[in-house]
Amino acid sequence: MTPPLLQVTDMSVTYTTPHGSVQAVDGVSLSVDNGEAVGIVGESGSGKSTVAHAILKLLPRSAQQDGRIMLQGAELSAMSDREMADIRGDKAGMVFQDPMTSFDPQRTIGYHLREALEAHRSEMTRAERQRVVVEQLRRTGLPEPEYQSNRYPHELSGGMRQRSMLALALENSPALLLADEPTTALDVTIQAQILRLFTDLLEDEGLGAAMILISHDLAVVRQVCSRILVMYAGRIVEDAPTEELFAEPRHPYTQALIRATPRAKTGGGRLATIPGRPPSLTGARTACSFRDRCAHAFDRCFEEDPQLLSTGGPRAVACFLGAESPLPPLSAEATHEEDARRDEGGPTEDEPMVVVVNDVTMTFHTQSTRSWTFRKQALHALRNVSVQVARGETLGIVGESGSGKSTMARIVLGLQAPTSGTVLVAGENPRKRRSKARTEQRLQAVFQDPHGSLNPRMTVQDAVAEPLKNLGMSSQNRDARVVELLDEVQLGRSYASRYPSELSGGQAQRVAIARALAAEPDVIVLDEPTSGLDISIQAHILNLLGDLQARHRLTYILISHDLTIVQHLADRIAVMHLGQIVEMAATAETFLAPAHPYTAGLLAAVPEIDGPGKPQPLVVGEPPSPLNPPSGCSFHTRCPIARELCQEVDPPLQPYRGGLVACHFAGEIAASSSRTEGRTEAS
Amino acid sequence: MTITAPAPPRDRIGQLLHHRTVLAGLVMLTAVLAVTIIGSAVYPGDPVTTHPLNILQGPSSEYPLGTDQLGRDVLARVLHAGLLSIPLGMMAITGGAIVGSTIGLIAGFLGGVTDTIISRIVDVLLSFPGLLIALLVVAILGPDSTSAVLAVSITATPSHARVARSTVLNLRSASYVEAARVSNTRTPAMLRRHILPNVRDALIPIFVIGMGNGIIVLAALSFLGIGVQPPAADWGVMLTDGVRSIRTTPLVALAPAVMMYATVLSINLLGEGLGEVLSRFRRTSYLGAE
């Protein structure tokens, strides 16, 4: 048997901080064979990124790194910085989350690629290098590679930058490719394209490179990797071939993580959660680090620290229980409250419309960066958007970045006046100072960045009490209400005196939700409420939002780029593309039989956690610029079924099978997509 | 990775005092002020009385730092000059800071045409060296200490205006300010709870460092003969006197220079440390894992 391509033995990384030393990685051993695609999965703080950086010795000086790293028979752990520089970019390539920070903004894309060739292939001539660069960019699917290679990083979209980064990482034909959250910052359609590119390049073109793909998203890893390592608290807790891992997780953490991941295609309902939070990484380990959060923990888990041991065959697990036999299934934990909400099936017909958005257009004027004149360009963020939301309903708004969904949130909240059209919340314009939406706070918001939405100088108590103060409530009543609200979002009253810097992301988002609930609003606008949170935390927040809605008969407008999240809460979904609503229908309808090709494309792009299969980039290319939208149907440039008519006539939003669709050929795509059909039959 | 949460900001004074740079600046500044205030009260020498028979003398028991070319006691002058230079510099910067930050707040908060006009004026002021503007002001108003203080105030105005404005602009789009707006927080409460405390923290470091600069500009004006007028003792005035005899009796110039250096250094240390600690307070993110 040939030795593995990469062999890491007993790697440890320790950071020294003012608060003591932190063991970010604790005795990790792994090996990767030639051509193998291995995924490392874990939540933030699990040490997965640290492992990747440590392999190429890219950690800051404050990190103390131990252990042996062998790559193709060379011992990286014994190499000097200079020797490592020869390895990086030659034998091992890297792709990071945000390609913007990986490129020098002062240099063109082509410069970066030529530079890497120069460093490792000095015998090539200038012309040869340029030819190789263009060839590489073409291979990673960058359109017009000759032209693009002369552009600067900021002139490219995120997806194009990531393609260039991949070209840079692969151009010296490395034996190992390290990809750290390569698609996390990208839209779902672009993510599908990039993941597809990974699989195509690695498997089908016989590049022979092995890959380590690091991600927080199990579904993403499932698409690409043949083996998965699950990390928790600085250790590998499970190592298994992908299909076996999903079919029969042996570590309770893996089991819980799979359960907590929302699914796009299997209906809503309550998500499984993982109680508690990861342990502190300071101090010695004397017991299993997952014991307090584990559904299966028993006496031994509190006394002894389980080691990663083979269970026979290609699998290994660090669990006393899982090492012996398959884990017992997790008990279902749906509550009556949740069932009640689902049974009601959203609002009834005769509910009054609490939010009415009528023909809203929002145009921003921006200074052109390319022109010498001072003429301003018009950016059409929203174009003739109309929606109505009934009391007690959840309307989900989905779309890629730049689709106008956040502008929509700001306009509904009255934070911005639309260029034309009207917004009514409870019958009044929310921008009017005397409107009930403002004086009685019938309308509230929860924003994306939980820490950014809390004033760093205010305690939790003060933050949650602020809306009550504005209502003129006495300080005694306020205190009582704050306690009540903190209980409601499942934070103890002990949190009242904390500052935002003392809260984790999930806790901060609970505080933001408590503040939104304070004045008992009718409508809450949720703008990406869980992005940036770990999967298990996201599950907690989604469940909480569902419970609160059932308890208080709240109306939600849920804005998200993530279809799986919208699926969990929304009764109805509006899909936005380039400032327009292209499809609006009941959630089940939208997911089972998308009528608009863009909706179908978004759905197909969501990585499946429940089944194997390659990502389906049904929608091609990049979203067009809102500064210069295409003629006719603004989606025709990316549409798989576009025809001549689409280039000329912009389809109106018209009724189709109980919903509304803006497509000349509505429903056609659903019939032509085999995946969609399969889903319909399955359910 | 999990790191214990940073020490809570509730004990702000305690955190400030734990910062090494802040502490060093404070200790030094206290020493300078103590020497100036106590020294000038205790030391019997007079700063303006001339002793024509004892000009340009070296240190002696009668004159610990010697005398200048008019036979005045250098130690007495240095101590009394501190009583004048430090408060004048601070006064000038305080005035400029109040005017500047108010202007900046208005520009940032109102936006639109008001902002454009104010910002352009600030740009113009910032495009000239501070000393040049100060010279211009004194040239118009005539040379005395009042116009020198006013001149230094004006040089301090634009930088405070700019920082205040940009801080307000950043805050206006902060999620917590938008959340407060959605909760019907009225403008006065908004300013009091969310805007002003954060603007204050952003301004404190540049205000403190500005004081050091103010003392220097004021001394420069006096040195040029258009600030504090002799025979009053001021570090700038003393330097003018001292440079003429720097070869024979260097102490006449060295004494005020050292005092000024110590004062400005301590203020700069303090300002720099404050900036570091205050930005720590503004940080919201939590270092630990979920």
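## Ground rules

A residue counts as buried if 20 or more other C-beta atoms lie within 10 Å of its own, as exposed if 12 or fewer do, and as partly exposed in between, with C-beta atoms placed from the backbone. Take R172(B): this residue is partly exposed because it has 16 other C-beta atoms within 10 Å.

What you're looking at is a predicted model, where local features need pLDDT of at least 70, side-chain atom pairs count only at pLDDT 80 or more, and totals for chains, interfaces and linings use all residues. Residues are numbered from 1 along each chain as its sequence is written, while chains are lettered from A and ligands numbered from 1 in the order in which they are written.

## Chain B at a glance

Chain B has ten helices and zero strands; helices (H or I, at least four residues) and strands (E, at least two) are DSSP runs, numbered from the N terminus. Its C-alpha trace spans about 80 × 50 × 30 Å along the principal axes. Of the 290 residues in chain B, 47% are buried.

Two residues are in contact if their C-beta atoms, placed from the backbone, lie within 7 Å. Looking at chain B contacts between residues at least 6 apart in sequence, 71% join residues at least 24 apart.

## Helix 5 of chain B and its surroundings

Helix 5 of chain B covers residues 130-141, and its length checks out: twelve residues at 1.5 Å each should span 16 Å, and the end C-alpha atoms are 17 Å apart, which agrees. (The expected span is 1.5 Å times one less than the number of residues.) G130(B), A134(B) and V138(B) are the buried ones to look for here. They sit on the same side of the helix, because they cover an arc of only 65° around the axis, taking the directions from the helix axis to the C-beta atoms.

Just after helix 5, G142(B) takes a positive phi of about 90°. Back to R172(B), which is found in helix 6 of chain B: its C-alpha atom is 17 Å from that of L203(B), 31 residues apart along the chain.

## Sheets in chain A

Over in chain A, eight strands make an open sheet with mixed pairing, in the order 6-7-8-3-9-10-12-11. Strand 6 (92-95) and strand 11 (309-310) are its edges, each pairing on one side only. Strands pair if DSSP finds at least two bridges between them. Strand 9 (residues 227-232) and strand 10 (residues 235-241) run antiparallel, joined by six bridges, and Y232(A) stands opposite R235(A).

There's also an open sheet of four strands in chain A, antiparallel, ordered 2-1-4-5. Strand 2 (20-32) and strand 5 (74-75) are the edges. Two bridges join strand 4 (residues 63-71) to strand 5, where L71(A) stands opposite A74(A).

## The nonpolar core

A nonpolar core is a set of buried Ala, Val, Leu, Ile, Met, Phe, Trp, Tyr and Cys residues joined through C-beta atoms within 7 Å. The largest one here has 273 residues, and the members touching the most others are L176(A), L178(A), V412(A), V511(A), I557(A) and V152(B).

Which residues does I557(A) touch, not counting those up to four places away in sequence? Among them are V355(A), V389(A), L395(A), I397(A) and V412(A).
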